[in-house]
Amino acid sequence: MPFMPVIPESYSHVLAEFESLDPLLSALRLDSSRLKCTCIAVSRRWLALGSSGGGVNLIQKEGWKHRLFLSHREGAVSQVACCSHDDEYIAVATSQGLVVVWELNQEHRGKPERIYVSSEHKGRNVTALCWDTALLRVFIGDHKGKVSAIKLNISKQAKAAAAFVMFPVQTITTVDSCVVQLDYLDGRLLVSSLTRSFLCDTEKEKFWKIGNKERDGEYGACFFPGRCAGNQQPLIYCARPGSRMWEVSFDGEVKSTHQFKKLLSSPPLPVITPRSEPQYDHTVGSHHSLSFPKLLHLSEHCVLTWTEKGIYIFIPQNVQVLLWSEVKDVQDVAVYKNELFCLHLNGKVSHLSLLSVERCVERLLRRGLWVLAARTCCLFQNSIITSKARKTLTVDKLEHLKSQLDLETCSDLISQLDELILKFEPLDSACSSRRSSISSHESFSILDSGIYRIISSRRGSQSDEDSCSLHSQTFSEDERLKEFTSHLEEDQPDQECGSQGNEGDSVSHVPVMFETDKNETFLPFGIPLSFRSPSPLVSLQAVKDSVSSFVRKTTEKIGTLHTSPELKVRPEARDEDQFPEEEVSSVVCPQEEDTEEKKEVTSQPPEEDKLQELTVATAEAMTKLLDPLILFEPQSLRVVLQAWLSHLERTFATMDFPGTSDTGSSPVKLNQGMPLPDESRKRIVDEDNEGGKGDSLNDEEAVDPTACESVSPREPLEDLFQVCAPCIIPTSLQKDLAELTALCLELCVLNSAVKSVSGHADHTLQQCSPEILACRFLKKYFFLLDLKRAKESIKLSYTSSPCVWDTFIEGLKEMASSNPTYVEMGEGDLPTRLKLLDDSVPFDSPLLVAYAVRLYEKFGESALRSLIRFYPSILPSDIMQLCRRHPAQFLAYLDSLVKSRPEDQRSSFLESLLQPESMRLDWLLLAVSHDAPPSTSTVDDEGYPRPHSHLFSWGYSQLILYLIKLPADFTTKEKMTDICKSCGFWPGYLTLCLELERRREAFTNIVYLNDMSLMTGDNGWIPETVEEWKLLLHLVQSKSTRPAPQESLNGSLSDGPSPISVENVALLLAKSTGPDPAWSLLQECGLALELSEKFTRTCDILRIAEKRQRALIQSMLEKCDRYLWSQQT
């Protein structure tokens, strides 16, 4: 990758496009040459799109759902305006000059109704609409300068009177030229024309001209609301020629002129969008003077304008250009808070957001756009390094971003990110901020066993330990611990404020702090450090002594807590699958050559010794997998996995899993009430059950009575999941365990020959069905699974065992229940929960399926249609498993997902969804079986089509045709043909017959369908050979001898399309082959006597047309010949 220029630090904001509205416009048919979007408006709830066909599409911004369509017969829609105070009202202007005010009635779930139609501007072009949200007035301006107002009266009596009497429109003023823009604030109406701006006091009916100098052209003006806290008066900004603005008081007095020409000579900032790579050319600039056609107040301190070249955002009070970006061919812009909706000259609509750079990168990370996020970080690294941005983009997140990049294709990006991370934390200084020194570098917590757990975000830290150089440490230990305690004290009020604050820049660092530290359990006491030694060696030795003494006291204190399970401190548990943005390496404090420390380490539970046998067995199994004779031989591979599985079961059978006590009492709930079982107790119960089957009552007493209601001691433990590791597992071992566990699940190696204490094998597990074994395996080793791989494995290997999928989903729910978002999603409507899911859960998280299940259980099919936005994190195969008891709901999801893509991409997109290929037949069978006419209406008793049955409507006909037309092998096509024929979907059947060259069957069924349109037109089936014409004539003749059916599609044969008869086929034959060959073929078949005079006249006309055509061709050839000879001479 070439050198990437760096954007200056002064640019802290950027325009970003996270989602494309092209599929929405395609679904609304607003992307065609005949129908285009002509105007745009936005409010808190709605995005309004006016079209050239006279309709207004109201799109609900939550989920981008098409809710309402307002039609107008008065012409194309030229202007539309939403009432920002009340989403129930919308004003629409048409090309004929009529203005219609609609009341949507969405609160009462009624139909939208017109409450006012104004003809005051009929015959004129309405150029501006503006709402007075307090008094519910609509201000209208046209191209001749007339400005009027409509006052709405929403009482029931007024509505009833409006049906008989049209209340007069109030004319505000008439200015000297076309109205360019209208704006309203606190009783003042601002009118901008081609020559100047006017300020109107609508209450006192007073008017002022703003400024003395006129202008010539389209220049906008807008109000700039004042701050309530500072009692500041609102301001007015008016565009002037030469990239200038007037700053005007609320009384219409020009206070100053702001010049932006020099400021706009800077290069444009890139728009961050997945469609293209961000590019920054620092050599581009030096704009000429610009004219700003409209001014819009954006966010809190900004004013926005645009030209055909780009979008410009100013901070006018500071005379600053916040940014400008190249956005081509902008026709109009609608803004709401920090959102921009741009209408382009070609009718397209783009959705942009004005964000700080760090917030933009954070959203990109959440959506899994790793390369784009890395490029943005590298471009805006000067802005990211600032202290404010570092509260949001910590080193942890940048390290995680770097780990997601491909080493081969993104090596340059990785190196630039490394340089950026080094700028965050210089290796040779300790002058970074107190907050970032701990939160973004390194911290630790103390387990209940007394072991220190170091949470490090810096990669390659092992090299510092190996160098044995105390001077290479970033901080001395006393400074680290002091910064650690001060960091906790400073962040506590931030957390309280952050829970009540709105989403803004002032509290944007609060959720980030939660993301990095939400799972840490800190003890409520600090480590006293009463010394300050200048020597690093002495400092570290003193810290070691202090920490060792503190560990001894802590161990003794925690030892007294073991007898009280209710007071036991929850051990640390970090779930990498649940929080993929966090990268945590948990290690035990390194052993050094110090006698006192060695004693402390040996006094702790020897977890390393417990894992030693498993580590050796895992390494041996991974080595054997490198042998192709084992890896590609399933039986040999199963033997290796079964031997390894015995070591795995033996290792974890003796460990206590987190969330359970050692005394056999009821399990302690982890985080959000997630019960975790005691694995050691389960193993003891199993062994006792095998040792003495007769003492069932004694075994039952050994089990916690609150967790079991039946006699069998196994049953209460089968419903519990091991979602957290029982001990700290090294990262390298964790990866190998996940790989082997996934292979066991894929190859159905789910148990080993486990022996109990008495030496007898546990035959109970071996006699269980594979489904039960798979469920138990998932519950026991859920903490080892690669969740994404396990999900795909279950869908492929356990297709006929839905209980395995249900068990996996329950495990995901248990894991997700520790996330506060999972609890918050229990309340609110569907859009609220979807927004919470969008904002809180990473796009590539495997736990999205658990959230989807919860939404589906609450909202049913409507939730499924909303899950389209999470593709490809949630696949159609996941939804198929989710609603397997209601296949019609899956079809609705699949149909909506395919239609969300542009029409020219739907076939290829559907083909990409068919993984594996075997799902094609399943989906086809579902589609032809639901929302379809009964088979008795399409197929007769002999299996042939009923007349005109191909004209029946099928709910998923478009989806069926897409499936049929996809490329497939010959066998699959034949099976699809049989499915279509058995269900009576004749359009698909005929298409498949054409592909399979089964033309005889096709013509036979066409004759039974009795529709001549199937053999005419561009897509008609016309016989190609003489034999096919003879076959068709024979079929038609034999059909005419049979008794005709009594009813057709519409009740009688005469009501339907043109029937297939001998004469109609003869006419088609004459038109295709000519009258003379057709007559001879009909005579050969013995059908010449059955034809009427119409056929004879048609043949005569065809003969005359042929003669004239031959004569015309002959004359043209002669003329060409004479011309060529004349050129040679």
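The legends below describe an overview and several close-up views of one predicted protein model.

This is a predicted model in which local features need pLDDT of at least 70 and side-chain atom pairs count only at pLDDT 80 or more, while totals for chains, interfaces and linings use all residues. Residues are numbered from 1 along each chain as its sequence is written, and side-chain values use heavy atoms, with hydrogens and water left out.

**Overview. The protein chain has 42 helices and 33 strands.** Helices (H or I, at least four residues) and strands (E, at least two) are DSSP runs, numbered from the N terminus. The chain has 1129 residues, of which 50% count as buried. Buried means under 20% relative accessible area, exposed means over 50%, and partly exposed lies in between (1.4 Å probe, protein chains only). The accessible surface is about 54500 Å², and carbon and sulfur atoms contribute 52% of that area; areas come from the Shrake-Rupley method with a 1.4 Å probe, and for residues only the protein chains shown count as cover. Among contacts (heavy atoms within 4.5 Å) between residues at least 6 apart in sequence, 62% join residues at least 24 apart.

**View 1. Strand 4 (residues 55-60) pairs with strand 3 and with strand 5.** Two strands pair if DSSP finds at least two bridges between them. Strand 3 (residues 46-51) runs antiparallel to strand 4 and is joined to it by 5 bridges, with leucine 49 having asparagine 57 as its bridge partner. The two strands form a hairpin with 3 residues between them, and glycine 54 in the turn has a positive phi of about 90°. Strand 5 (residues 65-71) is also antiparallel to strand 4, over 6 bridges; here leucine 58 stands opposite leucine 68. In this second hairpin 4 residues lie between the strands, and glycine 63 has a positive phi near 90°. Strand 4 is largely enclosed by the rest of the structure, because 6 of its 6 residues are buried. In a regular strand the side chains alternate between the two faces of the sheet. In strand 4, Gly55, Asn57 and Ile59 point one way and Val56, Leu58 and Gln60 the other way.

View 2. Strand 15 (residues 188-193) and strand 16 (residues 197-201) are joined by 5 bridges, and serine 192 stands opposite serine 197. Aspartate 186 is in the loop between strand 14 and strand 15. Its phi is near 50°, a positive value in a residue other than glycine, and aspartate 186 is exposed, with a relative accessible area of 57%.

**View 3. Lysine 337 is found in the loop between strand 26 (330-336) and strand 27 (339-344).** Lysine 337 has a positive phi of about 55° although it is not a glycine. This residue is exposed, with a relative accessible area of 61%.

**View 4. Helix 4 (residues 370-379) and helix 7 (residues 395-403) cross at roughly 130°.** Their axes come within 9 Å. Axes are lines fitted to C-alpha atoms, for helices over the stretch in contact, and angles run from 0 to 180 degrees between N-to-C directions. Trp370, Ala373, Ala374 and Cys377 in helix 4 meet Leu398, His400 and Leu401 in helix 7.

**View 5. Helix 23 (residues 770-780) and helix 25 (residues 802-816) pack at an angle of about 10°.** The axes are 9 Å apart. The contact involves Glu771, Ala774, Cys775, Leu778 and Lys779 of helix 23 and Cys803, Val804, Thr807 and Phe808 of helix 25.

**View 6. Helix 33 (residues 919-929) is largely enclosed by the rest of the structure, because 8 of its 11 residues are buried.** The buried residues are Met919, Arg920, Leu921, Trp923, Leu924, Leu926, Ala927 and Val928. They pack against helix 30 (876-882), helix 31 (887-899), helix 32 (906-913), helix 35 (957-965) and helix 36 (970-983). Just after helix 33, aspartate 931 takes a positive phi of about 50°.

**View 7. The peptide bond from tyrosine 871 to proline 872 is cis.** Its omega is near 10°. Proline 872 lies in the loop between helix 29 (861-866) and helix 30.
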